[in-house]
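Here are a few friendly notes to read alongside the model.

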Amino acid sequence: MTMRLGLRSLLPGGIAVFAVALRLLYLHGSLPPLPGRLVPIGPQAFDSRAYYDIGRVLAGLPIPEPIQDRSRVFSLWGPGYPAFLAAVFRVCGDAPGVVRHLQALLSGLMCLFLFRIGEHLGGRTVGVVAALVAAVHPTLILFTGRLNAETLGMFWLWLALAWLVRAAGAWSGAGAGTALGIACLTRPTLLAAIPFLSVAVLATERESLRRRFVLALAFVLGAATVLGAWHLVLTRLPRSETAPAPACRPLTVLPAHPPPPPKNAAARPAARVASASS
């Protein structure tokens with residue numbers, strides 16, 4: 001009986017190790033080809049290059065020469081992932097490969113969170129199936145090779161959910177809210193999860209109404225503390241004359257920098273005058 005319990009407790013950890021191994025094989029090209037392998041960062045479009053550049057700026061590293069003369073609208077991206085990149089770059093230098101390996105580890109740990117959520121909501125079998133699906137899901141594997149916020153955002157979101165479904169008091173509720181607040185700073189689209197999960201806590205029937213209210217309140221306060229702390233940081237950051245006032249900036253984005261002027265902007269009014277006169 002003791003042997004069986006030991007094996008049952010090792011199963012979630014085994015799934016997490018299997019998930020990390022799959023992701024490392026993918027990063028090093030030992031799986032069927034998927035976009036986003038462990039390759040030099042190179043010039044990229046879309047969010048990966050922007051995150052990389054912002055992370056380098058926050059870490060005090062120079063921006064590569066091809067983009068030095070272009071201003072960036074930093075307010076399009078949440079601050080959580082650039083801060084994560086900056087922390088890695090400060091310790092390891094310009095090392096996107098280290099970031100990808102850390103994302104492989106975080107993605108494997110997410111399987112543990114999903115197991116706990118599924119086990120609590122539907123039993124052990126549901127937890128095992130949820131963890132296995134996350135371990136082999138191609139999109140989750142692919143994200144570990146991209147310098148994008150999805151892996152880090154999902155890590156904090158699922159940690160918050162795993163904490164919340166087992167929360168038994170105000171402190172655990174506040175911890176879950178804090179994790180969700182960090183997830184919102186990483187992926188601002190998750191802001192809607194705060195009121196949604198608060199209502200879900202109040203709607204459950206596992207505890208008395210008073211305990212549910214305390215748990216939901218602590219959860220909201222935990223998330224609000226993280227977002228409020230970031231807002232205070234925003235109010236103390238230097239801003240350019242064209243940037244909006246700090247109090248008007250969204251809570252979950254980086255401070256705005258003026259966008260680059262459109263090409264031939266000065267020639268366009270003259271062209272309009274010429275066309276009007278003709």
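1. A residue counts as buried under 20% relative accessible area, as exposed over 50%, and as partly exposed in between. Please keep in mind that this is a predicted model. With a relative accessible area of 39%, Asp94 falls in the middle class and is therefore partly exposed.

2. What does Asp94 pair with? Its salt-bridge partner is Arg56, and the closest N and O atoms lie 2.4 Å apart.

3. Is Arg56 buried or exposed? Its relative accessible area is 8%, so Arg56 is buried.

4. How many salt bridges does the structure hold? There are five, and the Arg56–Asp94 pair is one of them. Another joins Arg187 to Glu150, with 3.5 Å between the closest N and O atoms. This pair, too, links distant parts of the chain: Arg187 is in the loop between helix H8 (170–186) and H9, Glu150 is in helix H7 (residues 150–165), and 37 residues separate them. At a relative accessible area of 25%, Arg187 is partly exposed.

5. Glu119 and Arg124 form a further salt bridge, where the closest N and O atoms are 3.6 Å apart. Glu119 has a relative accessible area of 22%, so Glu119 is partly exposed. Do look at the surroundings as well: through salt bridges that share partners, Arg116, Glu119, Arg124 and Arg166 are joined into one network.

6. Now for the helix pair. The axes of helix H9 (residues 193–203) and helix H10 (residues 209–235) come within 8 Å and cross at roughly 165°. Angles over 145 degrees count as roughly antiparallel, and H9 and H10 are therefore roughly antiparallel to each other. The crossing of H9 past H10 is right-handed.

7. Which residues make up this contact? On the H9 side they are Ile194, Leu197, Ser198, Val201, Leu202 and Ala203. These meet Arg212, Phe213, Leu215, Ala216, Phe219, Val220, Ala223 and Leu227 in H10. Sorted by class, the contact has twelve nonpolar residues, one polar and one charged.

Notes. Residues are numbered from 1 along each chain as its sequence is written. This is a predicted model: local features need pLDDT of at least 70, side-chain atom pairs count only at pLDDT 80 or more; totals for chains, interfaces and linings use all residues. Side-chain values use heavy atoms; hydrogens and water are left out. Axes are lines fitted to C-alpha atoms, for helices over the stretch in contact, and angles run from 0 to 180 degrees between N-to-C directions. Helices (H or I, at least four residues) and strands (E, at least two) are DSSP runs, numbered from the N terminus. Angles under 35 degrees count as roughly parallel, over 145 as roughly antiparallel, 65 to 115 as roughly perpendicular and the rest as oblique. A crossing is left-handed if the near helix is turned anticlockwise from the far one by less than a right angle, and right-handed if clockwise. Contact means heavy atoms within 4.5 Å. Ala, Val, Leu, Ile, Met, Phe, Trp, Tyr, Cys and Pro count as nonpolar, Asp, Glu, Lys and Arg as charged, and the others, Gly among them, as polar. A salt bridge is a side-chain nitrogen of Lys or Arg within 4 Å of a carboxyl oxygen of Asp or Glu. Buried means under 20% relative accessible area, exposed over 50%, partly exposed in between (1.4 Å probe, protein chains only).
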